[in-house]
Amino acid sequence: MDIATLTIDRVRAGLLAREFSAAELAGEALRFAAAENPRTNAYLRLCEERALDQARRVDQALARGEDPGPLAGVPVAVKDVIVTRGVTTTCASRLLENYVPPYDATAIVKLEAAGGVILGKTNCDEFAMGSSNENSAYGVVRNPVAPDRVPGGSSGGSAAVVAQGTAVVSLGSDTGGSVRQPASFCGVVGITPTYGRVSRYGLTAYASSLDHIGPFARSVKDAAVLLGVIAGHDPHDATSAAAPVPDYSAHLDGNVKGLKLGLPLEYLKHLTGESRDLLLKAVDVLKRLGCEVREISLPATDYAIACYYIIATAEASSNLARYDGVRYTMRAASAATLSGMYRETRGEGFGAECKRRIMLGTYVLSAGYYDAYYLKAQKVRTLIARDFANAFQQVDAVVAPVSPFPAFKLGEKMDDPLAMYLSDIYTITGSLAGIPCMSVPCGRTGDGLPVGMQILTRHFDETTMLKLADAYERTN
Amino acid sequence: MKITEKEVRYVAGLANLRLSDEEIARLRQDLDGILEHMDKLNEIDTSGVEPMAQVLFEGGDTLRPDVPHEPLGSHSALANAPQPGNGYFKVPKVIER
């Protein structure tokens, strides 16, 4: 058994054939993760006890002849912005260095109910704010494919562990591209489901109208299985959707004949180099599979970055107000007055990018600027969502790049926040519209850097998106 | 210039963030560039367009049944408090007697 290339099916077959037990697999996976982690810093911590307890429960279910669940024994990693009861959850922030959540996120409950074995918590940008994983208070993550480069962000650790093989699948969170972009940089599959498809109960809030939980995997099928497990309505999350959850993996039949795909002109306009060549090559493959490809227009695209960074930071400035030294573990020692305690704790606790976004968000919401920035951005958001609605009158899916370039060098963009923000252009539009979108690997550059193709579909039509990605993946 | 150091200090006060002088200077520069980019939004006509606050595609009932259940309990709720005391979160004195 090669632990680094395991699939969900392979784990299941091995368990059912008594080739290995879930506890043996978990032990092996934990040892492998501990040995490999110094190369990437992708895990912030492993939770051995919880993993082995869960694996033994899976073994007991198997011994009783019960169905151990679709994720039985599968080693899973979880981004450290998703709370895990009794397991420190830091959000990659100094502020939460010692925070031990008193409850599990709904996605965690569902994952374990399906037999999944959580190995540990993964590194990310502080409070999920960043596009390179360089904003973590606990050190950068190195891209397992190219160690001098970033893994992408903010879910860089969750992408890296799957690429590195130290987890079979993982959970990340995506607000403006934080699952899709690291998936493309690390050469794995990453899904941002429809807004509301997966409960956010227990996902630390960054920008509530944009936050999603989404899976990473080495194959479309595994990502589809994990999505099916965590999707569905949750009474603990009023924004979670009641729509029934299809059996996603059952629809992966390779047949995409006759599907109509749209290529956005505005996205191709600026896309250059190998990222462009690889995307167009992938589109040709889809054509050969029987898809009909046409050019479409998403005219509000040029305004998406400004729109997103106003809305997201405004929401962040409100959501992060709770870290005030009263409830969440850290309080500045110097605080003598209540207001001083707020200011000192937040000044000491937050890193540079969080401060930048809190400041920007506070500014755009402040008296005299609300209409010009926040309200205006909300109207532009309507136009961006409308662009997609119009496109989906003509096509079944939109095919797009994920990032303007493959993984960049560590440190390359850290001094220019606007340049970093601008690199999110292809992912934030789908986030603003709340539609399902994913990244599927579509080849490597001459330097061996992975590139991803993005597929976007109508609200709640994850099935078509996954079918397309799977059919494409089969041709590799 | 879109934003002055004085405005940065004012916003930091609103956000309850203590910032060093170096941070203020750096943020002024960063925010200036970012806000300049935000001005792009003035180019697009949004007259008659409704603002979108949320991805709304489902009206209907989002309330859960009102069934009593065990709450978290003050012991768990206070477990992460920097300074718990007598079942409460303690903070520096607010009102002088």
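Predicted model: local features only at pLDDT ≥ 70, side-chain atom pairs only at ≥ 80, totals over all residues.
Residues are numbered from 1 along each chain as its sequence is written, and chains are lettered from A and ligands numbered from 1 in the order in which they are written.

## The contact between the chains

Chain A contributes 59 residues to the contact and chain B contributes 42 residues. Two residues are in contact if their C-beta atoms, placed from the backbone, lie within 7 Å. On the side of chain B that touches chain A, at least two residues come from each of helix 1 (5-14), helix 2 (21-38) and helix 3 (74-78) of chain B. Helices (H or I, at least four residues) and strands (E, at least two) are DSSP runs, numbered from the N terminus. The most is given by helix 2 of chain B, with seven residues. By type, this side of chain B has 27 nonpolar, nine polar and six charged residues. Here Ala, Val, Leu, Ile, Met, Phe, Trp, Tyr, Cys and Pro count as nonpolar, Asp, Glu, Lys and Arg as charged, and the others, Gly among them, as polar.

Within helix 1 of chain B, the residues B:Val8, B:Val11 and B:Ala12 are buried. The buried residues of helix 1 of chain B line one face of the helix, because they fall within an arc of 105 degrees when seen down its axis. The arc is that of the directions from the helix axis to the C-beta atoms. A residue is buried if 20 or more other C-beta atoms lie within 10 Å of its own, exposed if 12 or fewer, and partly exposed in between, with C-beta atoms placed from the backbone. The buried residues of helix 1 of chain B pack against helix 12 (352-365) of chain A together with helix 2 of chain B. Just after helix 1 of chain B, B:Asn16 has a positive phi of about 55 degrees.

## Helix pairs in chain A

Axes are lines fitted to C-alpha atoms, for helices over the stretch in contact, and angles run from 0 to 180 degrees between N-to-C directions.

| Helix pair of chain A | Angle | Axis separation |
|---|---|---|
| Helix 2 (residues 22-36) and helix 3 (residues 48-63) | about 155 degrees | 7 Å apart |
| Helix 7 (residues 220-230) and helix 16 | roughly 160 degrees | within 9 Å |

Helix 2 of chain A is thus roughly antiparallel to helix 3 of chain A, a term used for angles over 145 degrees, with angles under 35 roughly parallel, 65 to 115 roughly perpendicular and the rest oblique. The residues of their contact comprise nine nonpolar, one polar and three charged. Among them are A:Leu25, A:Gly27 and A:Leu30 of helix 2 of chain A and A:Leu52, A:Arg56 and A:Asp59 of helix 3 of chain A.

Helix 7 of chain A is likewise roughly antiparallel to helix 16 of chain A. In this contact, A:Val220, A:Lys221, A:Ala224 and A:Leu227 of helix 7 of chain A meet A:Glu462, A:Leu466, A:Ala469, A:Asp470 and A:Glu473 of helix 16 of chain A. The residues of this contact divide into five nonpolar, no polar and four charged.

Helix 16 of chain A also holds A:Tyr472, which is buried, with 24 C-beta neighbours inside 10 Å. Apart from its neighbours within four places in sequence, A:Tyr472 is in contact with A:Ala282, A:Val285, A:Leu286 and A:Val440. The C-alpha atoms of A:Tyr472 and A:Val220 are separated by 9.7 Å, although these residues lie 252 residues apart along the chain.

## Helix 5 and backbone features of chain A

Helix 5 of chain A is largely enclosed by the rest of the structure, because nine of its nine residues are buried. Among them are A:Gly156, A:Val161 and A:Gln164. Just after helix 5 of chain A, A:Gly165 takes a positive phi of about 90 degrees.

Most residues other than glycine have a negative phi, and most peptide bonds are trans. The peptide bond from A:Gly153 to A:Ser154 is cis, with omega near 10 degrees. A:Ser154 lies in the loop between strand 3 (117-122) and helix 5 (156-164) of chain A.

A:Asn41, in the loop between helix 2 and strand 1 (43-46) of chain A, has a positive phi near 65 degrees. A:Asn41 is buried, with 20 other C-beta atoms within 10 Å. A:Phe460 has a positive phi of about 65 degrees and is found in the loop between strand 11 (450-457) and helix 16 (462-474) of chain A. A:Phe460 counts as buried, with 21 C-beta neighbours inside 10 Å.
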